[in-house]
Amino acid sequence: MSDTDVWVRGADEVLLGFTRALRAAGVPVTQDRSHGFLEAVALLGLHDRRTTYDAGRATLCAGPDDLERYDQVFEAYFNARDGLPRSRPAPPTVPAFSDLPETDGEGEGEESEEVVRARASAAEVLRHRDVARLSPAERQRLAGMFASLRPRPPVRRTARHQRWRRGQVDASRTLRSSLRRMGEPAEISWRRRGVRPRRLVLLVDVSGSMSGYADALLRLAHRFTVAAATGRRRGVVETFTVGTRLTHLTRAMRLRDPDRALVAAGETVPDWSGGTRLGETLKIFLDRWGQRGMARGAVVVVFSDGWERGDPALLAEQVERLHRVAHRVVWVNPHRGKAGYEPVQQGVLAVLPHVDDFLAGHSLATYADLVEVVSRA
Amino acid sequence: MDLQSTGDVAAALGGTGYLCDDSLATVGFLALKMQRPLLLEGEPGTGKTALAEALAEALDLPLVRLQCYEGIDATQALYDWDFPRQILHLRALEAAGGTADVEEAEKSLYDARFLLARPVLAALQQSPAVLLVDEVDRADDEFEAFLLEVLSTYQVTIPELGTVRAATPPIVVLTSNRTRELHDALKRRCLYHWIEHPGLEREVEIVRSRAPEVAAGLARQVVEVVQQLRDRQDLQKPPGVAETLDWARALHHLGTTDLDLATAAATLGALVKYREDADRVRHALDQMLRT
C-alpha cells in the first residue's frame with residue numbers, strides 16, 4: 001500500500017505543479033479550486049490523460065477565456081514540449097497619479113484665501129477644458145476631480161412590492177396585524193411595486209481617433225462602476241471597450257482605486273488606438289452578450305466619434321438592433337460639443353436615427369451632464 | 001441507480017435519449033460523486049437545460065426547476081405563506097367560537113399546510129431530487145449570494161417552522177447564457193462545463209435518438225444544412241440543437257423524406273427566429289440545395 005501512497009503523493013506534486021503553471025499563465029486558480037482538482041482526479045483515477053484533462057477543465061476553469069489558456073497549459077505541461085505559454089505581458093508603466101497637495105507650504109496666512117479662490121476657479125476652468133488637449137499635469141489634476149461626479153443608477157419597476165400609503169391591498173401585512181387583534185379586522189396595509197436599478201452598459205471606443213479621450217472615458221466608466229457598487233441604491237454597470245475587437249472590462253473597473261483599475265484595463269485591452277470597426281464589434285457585442293440579456297432593458301451608453309472604417313450600413317443595422325433591445329441608447333461624441341461641429345461623418349449619420357440621446361463628451365462638465373441623463377433614463 | 005463510472009453516466013443519459021460526449025459524462029460523474037453543483041455554459045440551444053431533465057429521468061428522480069429572472073428574490077425561490085388561506089382559516093377559527101389563546105391561533109396559522117414550497121425548498125424536501133437553476137445569469141448579484149448559501153449548506157431556515165435540511169443533497173444543475181459574469185464565489189462552488197455545439201455525426205445521432213420518426217436520410221440532410229448555417233458569421237441567432245430538432249420534426253410532419261427547397265423555405269420558421277436571418281438563410285439554402 002505504501003508504494004501507492006508514495007506514487008499518489010508524487011502525483012499530487014505533479015498535479016499541484018500543473019495548477020501553479022496554470023496560475024502563472026493567468027488563470028485565477030485558488031487554493032480550493034486546486035483542492036477540487038485533486039479530489040476529482042482521485043475519483044476518476046490517474047490512468048487516463050483525457051479524464052485528468054476533463055477533471056481540470058471542470059474544476060479549475062471559470063469561463064471560455066480560461067478554457068483557452070487551460071488547453072495551452074495542459075498541452076505544454078503534460079507534454080513538456082517547449083515550456084509553458086508566456087504569462088501575461090508585464091503591465092505598461094503608468095505614472096502614479098496623485099492629487100496636487102492641498103497646500104503647497106507657501107502662501108500661508110492672509111494670502112491663503114486668495115490661493116483657495118484661485119485654485120477653485122482653476123478647477124472650474126479645467127472642468128470645461130477639452131480633455132484631449134490637457135497637459136500631463138492638468139490630466140493628473142482632472143483625474144482627481146472625477147471623484148466629484150456622483151452617478152446614480154437609473155431605475156426600473158420590479159415585480160416585488162413594498163409598503164406604501166396607497167395602492168394595492170397588502171394581504172400578508174394585513175393578516176399579520178389582524179392576527180395581533182385576535183382576528184378582528186384591523187387596519188389595511190397597502191403596497192406598491194418597488195424600484196430597482198437598471199443595468200447600465202458602457203461601450204467605450206478606444207480606437208486611434210478616440211485615443212485622447214480613452215483615459216478620461218475609462219475614468220468615467222470607473223466612476224460609474226464604483227458609485228453603483230457603493231451607493232445607497234446598488235446597481236450593475238458593465239463596461240466594454242470597442243475598437244477592432246470587443247473586450248469585457250467590468251472586472252478591471254471594479255477595482256476600487258481608479259489608478260489600479262486603469263492599469264488593469266490597460267493590461268486587458270489588446271487594441272488600444274487601433275482602427276475602428278464599430279459595426280462589427282457592436283455585432284459581436286450583441287451576439288455574445290447584448291441580445292441574450294445584458295443590453296435587454298438596460299441603459300446603453302456608447303462613447304464614440306463614429307469615425308467608422310467599415311460599412312456604415314452594418315453599423316446602422318447594429319445600432320438599430322441595439323435600440324430594439326435596450327431601454328435607452330445614449331450616444332456620446334467627444335466632438336459634438338465643439339464649435340462648428342456638424343454630424344457629417346458617415347458613421348454618425350448612420351446611427352443618429354437610432355439613438356435616444358446624442359450628447360457631447362469632451363470635458364468634465366459634459367460628463368456631469370451625461371451622469372444626469374443616465375440617472376433619469 | 002448507482003453510477004460507478006463515467007461510462008455508466010453516459011449510458012444512463014443515453015438511455016433517455018440524451019447523447020453526451022466523454023467530457024460532459026466525466027463532469028456529470030464528478031458532480032454526482034463530489035456532490036457539487038454543475039455549472040453549464042454555452043450557446044443557447046446546446047442542451048444545457050436538457051441535461052438536467054435527462055439526469056432526472058435517468059436517475060428516476062423528481063426534477064425541480066427554478067427559472068431565474070431579473071429581480072427574483074428568496075421568497076420566490078424558497079417559500080411563501082398562503083395568505084388568503086390563512087385569512088380564511090382565521091375567519092373559520094373565529095366562526096367556530098374562536099380560541100382564547102393568541103399563541104395557539106398563530107401556531108395554527110403558521111402550519112406546514114399553509115406553506116407554499118418554492119423550488120429550492122421543494123428540492124430540499126423531496127431529496128433526493130434534481131434541482132435545475134435555469135439561466136442563473138439573469139438573476140441579480142444578491143440572489144447569487146443567497147444561492148451560494150443554500151448550495152453550500154443544503155439547508156433552509158424558516159423562522160416559524162425551523163430548519164429544513166435535505167436528507168441527501170439534491171443534484172444541482174445551473175445553466176447560464178453568460179449575459180453577465182457570475183460571481184467567483186459561486187463559480188468556485190461549482191464544477192464548470194462549457195457545452196459546444198455537437199459535431200456532424202453526433203448531431204445526426206441526436207436527431208435520430210430524439211426524433212426517431214424522422215427518416216434517416218432527412219435527418220442527415222437537415223443536420224448538414226444546420227451545421228453549414230452555424231459556420232456562417234452573419235446570422236443574429238445561429239440555430240441550436242433544439243432548432244435542428246424542431247425543424248426535422250416540422251419537415252417530418254409535412255411528409256418530407258428528402259429535403260427540397262420549397263418545403264425547406266416553408267418551414268424556416270422552425271429554424272430561424274429573425275426576419276433578417278430568414279432572408280439570409282433562404283438565400284443560403286438556394287445555393288446549398290440547388291446543387
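In this predicted model, the crossing of H10(B) and H11(B) is right-handed, the near helix being turned clockwise from the far one by less than a right angle. The axes of helix H10 (residues 200–210) and helix H11 (residues 216–231) of chain B come within 9 Å and cross at roughly 135 degrees, where axes are lines fitted to C-alpha atoms over the stretch in contact and angles run from 0 to 180 degrees between N-to-C directions. H10(B) and H11(B) are therefore oblique to each other, since angles under 35 degrees count as roughly parallel, over 145 as roughly antiparallel, 65 to 115 as roughly perpendicular and the rest as oblique.

Chain B is divided into domain 1 (6–74 + 118–195), domain 2 (79–113) and domain 3 (200–290), with bounds from an automatic or database assignment. The centres of domain 2 and domain 3 of chain B, taken over C-alpha atoms, are separated by 57 Å.

The second largest pocket is lined by 20 residues, and A:Arg160, A:Ser172, A:Arg191, B:Asp80 and B:Phe83 lie nearest its centre. Strand E1 (155–164) and helix H7 (171–180) of chain A, with helix H4 (74–77) and strand E3 (79–81) of chain B, each supply at least two residues of this lining, and E1(A) gives the most, with five residues. Helices (H or I, at least four residues) and strands (E, at least two) are DSSP runs, numbered from the N terminus.

Residues are numbered from 1 along each chain as its sequence is written, and chains are lettered from A in the order in which they are written. Local features need pLDDT of at least 70 and side-chain atom pairs count only at pLDDT 80 or more, while totals for chains, interfaces and linings use all residues, and side-chain values use heavy atoms, with hydrogens and water left out.

Key: On a 1 Å grid over the protein atoms alone, a cavity is a set of points where a 1.4 Å probe fits but cannot get out, and a pocket is an open set with protein on both sides within 12 Å along at least five of seven lines; lining residues have an atom within 4 Å of a point.
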